[in-house]
Amino acid sequence: MAALAKTSGGRFFEDFRLDEEIAHSTPRMLTQGDVALYTALFGARFAPFASDPFARSLGLPRAPIDDLLVFHVVFGKSVPDISLNAVANLGYAQGRFGALVYPGDTIAARSTVIGLKENSSRETGVVYVRTVGRNQHREMVLDYVRWVMVRKRAKEAPVAQERVPDLAPAVPPDQLLVPPEFNVDRYDTTLSGSPHLWRDYEKGERIDHVDGVTVEEAEHMMATRLYHNTARVHFDGFGARQGRFGRRLIYGGHVISLARALSFNGLGNAFRLLAINGGRHVGPLFGGDTVFAWSEVLDKADIAGCGDLGALRLRLVATKDRPCADFPDRDAAGKPDPSLLLDFDYWALIRR
Amino acid sequence: MAALAKTSGGRFFEDFRLDEEIAHSTPRMLTQGDVALYTALFGARFAPFASDPFARSLGLPRAPIDDLLVFHVVFGKSVPDISLNAVANLGYAQGRFGALVYPGDTIAARSTVIGLKENSSRETGVVYVRTVGRNQHREMVLDYVRWVMVRKRAKEAPVAQERVPDLAPAVPPDQLLVPPEFNVDRYDTTLSGSPHLWRDYEKGERIDHVDGVTVEEAEHMMATRLYHNTARVHFDGFGARQGRFGRRLIYGGHVISLARALSFNGLGNAFRLLAINGGRHVGPLFGGDTVFAWSEVLDKADIAGCGDLGALRLRLVATKDRPCADFPDRDAAGKPDPSLLLDFDYWALIRR
Amino acid sequence: MAALAKTSGGRFFEDFRLDEEIAHSTPRMLTQGDVALYTALFGARFAPFASDPFARSLGLPRAPIDDLLVFHVVFGKSVPDISLNAVANLGYAQGRFGALVYPGDTIAARSTVIGLKENSSRETGVVYVRTVGRNQHREMVLDYVRWVMVRKRAKEAPVAQERVPDLAPAVPPDQLLVPPEFNVDRYDTTLSGSPHLWRDYEKGERIDHVDGVTVEEAEHMMATRLYHNTARVHFDGFGARQGRFGRRLIYGGHVISLARALSFNGLGNAFRLLAINGGRHVGPLFGGDTVFAWSEVLDKADIAGCGDLGALRLRLVATKDRPCADFPDRDAAGKPDPSLLLDFDYWALIRR
């Protein structure tokens, strides 16, 4: 039995303890190689991340790494400890991005178990973790909460103390962190690819991002491995044939990145993610499906002390095999259109 | 209707004006990450681009970036403004490569509308643009003409002044630009992978490049996104099912890069593209097809002031699912063999 | 016929001469771009290769490149000269890794023909080569023997002098090369991702690596091109339809890298390959198949002069569409389970 002892099968629900702190393993250096792959996989064109000269025109030393690539790596680091036995990734809240990440920086992550709630079936439970990613200088790069439904090893296993955390519906604007080095005096809207600034968007406005992108199995597996995300449902097609969907399930974060890249067409100046207010993976995505997206402006806010910058609170909705010209959504009862994949709520930084 | 105003659907034929200059957005820094992806996608092995020591043996500071990767990025930059509503990419002419591009350089591009001609159907028209790509020092890296058939928004829309430009059938040898830093005294044909130099090729000679390479959907989409090329026909498999071909169309430039990489076997020392004389995408390529290629030596030329260097004018022909041992071509009436994908005419630099 | 003379169709069996030395072409610089692709394709998480700070904690200047990526590039360099006409890659022996390779290093390779043996059919023969890869400082990075079955151009062709080399069944521990810069005093098993060190493994112990990973055509072709491996059986789906398997055959080295990445779960601290004792590709792998793996501890050894380091001799077995909880293997007569893909024997470095 020495053999089994060497491999990790991941924690089950009854293995988690409230307030436990978990240091995740294998810190991951991000490089220009990762940036190129991220570009090849999603095609994001937000200018500050694509060009050193453009980044320098904003006061940065060079082009930082796309916020969502940072998100995926921080998320990936937590998977072996948190969600290897997850049935579903249920939601995100209270996410804030901190220091910009540059090629050559190394990301490590720790999580704290902030909530535990067994389901009535006693076969699964919901685990809430707050995960903090830091660079090699121990500066926070991302701090967010996610909750996942995790299998129990044994139905009858007793469960330690339970708690459902109180999560904010959104990050208040005065808690958004804007890297102080940003200076948008020389922000060039010809080079950025969009003329539309903070003042041009209005609350309630909806934007169809027009384009669709089909996802191949090779793409989502390469992306997910790039983040060191080891959740086997994304990789094992043989095992999946006996599973719930009969096929590999695409990592939910893949949809976020695809939809965000599509949103460049309409939101080209909303370049920096400041916060993740909330997010739900409404439906599963599979190889061969085509993703479309639309956005809604939920709110607008000033950035204290930054007269030239503002924040847009955006709702990003992604669909499967369904163009978004008519903004497919939930019905009056809250039931989502069957095409819905993602409902994601975030704050973005944009020039006023 | 604010929503629609925010996204760009691209210019239609009647939106172009003769002599209009268009500054393309989102400059793109090229890095060693892009080089690695280009290698993984095409497998080109031309030695100066694959090794710093080999590049230094030619007088360069380090390995530059493959000319076709530069071409694709300059092309990609122009797509959102020029060819988002293109029906077909019709041809290339008068292309000259200038300064070498190195990892860390940022490429931006501008186009001038040099020709417009409505088609008799009044549903489309041909747009001729001259696109110039520059690095961050404003040095020209590529200057070329392409023409595309672009849809009209409305058949009855009036069309501005028309003109069909006079395009040279080939770049004359005395207009080829050879980076002055090249010194081939120490050019090592063992390391370069081919013993055949300028003197060994004769006008009219044909070379079968032997190998075939099958293209997967994931590959061409990753390549095309890498170039920031946003033409939706390459990505939206859902929309394509209702389209002309019933499936995603592969970016024509993908065929150029595949055929050029195959041509290493036979033309291993023809490492630098000097000019694109002309090029036609004869047929469409789809995922799962296999590409083969052959070349013909159209001409040979001296390089003024460079006793050790010469130029070969090469015709590169690519086919689909058809090996090229017997050089499939056009018939006497000019009708292409049904396997033909590409007919590309370029000047390459090679040691004499 | 000048055309045919320009392309290389590769050597046939009768073209090899005993003791011949072959300098392989197109040295290949490895970069952080290649590292990112390797991560995306295999998902290896061994900490010293993934993070500069972790590498520095071991006394290294920064993160070196994964040993198997080096192996594949050295192998790839030899393909155009050795195995373009190979029917099968039969085995490996006497492999030793030398200097660590860092991003920016350029790898070149030379092979010596150390054995030749015609098969009784006279249609093929076995070629044994010793291939040595070196960096730009001419330091050895890998020195190994492989043998391949190569087609004859003509059955009746006479064959030069024959010899079957005497190959060691394993590299003796006192010949393992440990880079002297390694210092594991500060080796952190929380960051490395596994608590299990040399002392925790016992001879005969078997480890199921649990996870499975499905391989897509795009992935193995991208990987194989990344290594400059030009063997056409991996790329030409059109030609393959008329071939032995009716489809593209995946490069055997792809299985080694997949299985090694899976083995992180159970062998997370066995980070450095010291030697390849032997290896056989037992069965072919195709696109769509799922790879599983298990390991057996064959032996344990001290590292002379390194009190803190030890070596594990490991057998890595990979299977196709067959989880490894019960360790599928050969039967008493030596006949392999039909699921077997790979039987690979290596020494790995690990903290004691």
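## Helix packing and chain contacts

In chain C, the axes of helix H5 (residues 67-82) and helix H9 (residues 252-262) come within 11 Å and cross at roughly 175 degrees. That makes H5(C) roughly antiparallel to H9(C). Angles over 145 degrees count as roughly antiparallel, under 35 as roughly parallel, 65 to 115 as roughly perpendicular, and the rest as oblique. Axes are lines fitted to C-alpha atoms, for helices over the stretch in contact, and angles run from 0 to 180 degrees between N-to-C directions. Helices (H or I, at least four residues) and strands (E, at least two) are DSSP runs numbered from the N terminus.

This is a predicted model: local features need pLDDT of at least 70, side-chain atom pairs count only at pLDDT 80 or more, and totals for chains, interfaces and linings use all residues. Residues are numbered from 1 along each chain as its sequence is written, while chains are lettered from A and ligands numbered from 1 in the order in which they are written.

C:Leu68, C:His72 and C:Phe75 of H5(C) meet C:Gly253, C:Ile256, C:Ser257 and C:Arg260 of H9(C). Two residues are in contact if their C-beta atoms, placed from the backbone, lie within 7 Å. By class, this helix contact holds three nonpolar, three polar and one charged residues. Ala, Val, Leu, Ile, Met, Phe, Trp, Tyr, Cys and Pro count as nonpolar, Asp, Glu, Lys and Arg as charged, and the others, Gly among them, as polar.

### Helix pairs between chains

H2(A) packs against helix H2 (residues 32-42) of chain C at an angle of about 55 degrees, with the axes 7 Å apart. H2(A) and H2(C) are therefore oblique to each other. Their crossing is right-handed. A crossing is left-handed if the near helix is turned anticlockwise from the far one by less than a right angle, and right-handed if clockwise. H2(A) contributes A:Gln32, A:Gly33, A:Asp34, A:Ala36 and A:Leu37. H2(C) answers with C:Gln32, C:Gly33, C:Val35, C:Ala36, C:Leu37 and C:Ala40. The classes are six nonpolar, four polar and one charged.

H2(A) also meets H7(B). Their axes come within 6 Å and cross at roughly 115 degrees. That makes H2(A) roughly perpendicular to H7(B). The crossing is right-handed. A:Ala36, A:Thr39, A:Ala40, A:Leu41 and A:Phe42 of H2(A) touch B:Met222, B:Arg225 and B:Leu226 of H7(B). Six of these residues are nonpolar, one is polar and one is charged.

The surfaces used differ: 18% of the contact residues of chain A recur in chain C. Copies are superposed by least squares on the C-alpha atoms of residues with pLDDT of at least 70 in both.

Chain B is superposed on chain C by a rotation of 120 degrees with 0.0 Å of shift along its axis (RMSD 0.0 Å). Among residues of chain B, B:Gly33 comes closest to the rotation axis, at 2.2 Å (C-alpha).

### Interfaces with chain C

| Chain | Residues in contact | Residues of chain C in contact |
|---|---|---|
| Chain A | 34 residues | 41 residues |
| Chain B | 41 residues | 34 residues |

On chain B, the elements giving two or more residues to the side that touches chain C include helix H3 (47-50), helix H4 (52-57) and strand E7 (206-208). H2(B) gives the most, with nine residues. This side of chain B has 16 nonpolar, 15 polar and 10 charged residues.

### Domains of chain A

The assignment, automatic or from a database, gives domain 1 (11-153) and domain 2 (189-215 + 250-352) of chain A. Their C-alpha centres lie 20 Å apart. The contact takes 20 residues from domain 1 and 21 residues from domain 2. On the domain 1 side, helix H3 (47-50), helix H5 (67-82) and strand E3 (86-97) of chain A each supply at least two residues. E3(A) has the largest share of that side, seven residues.
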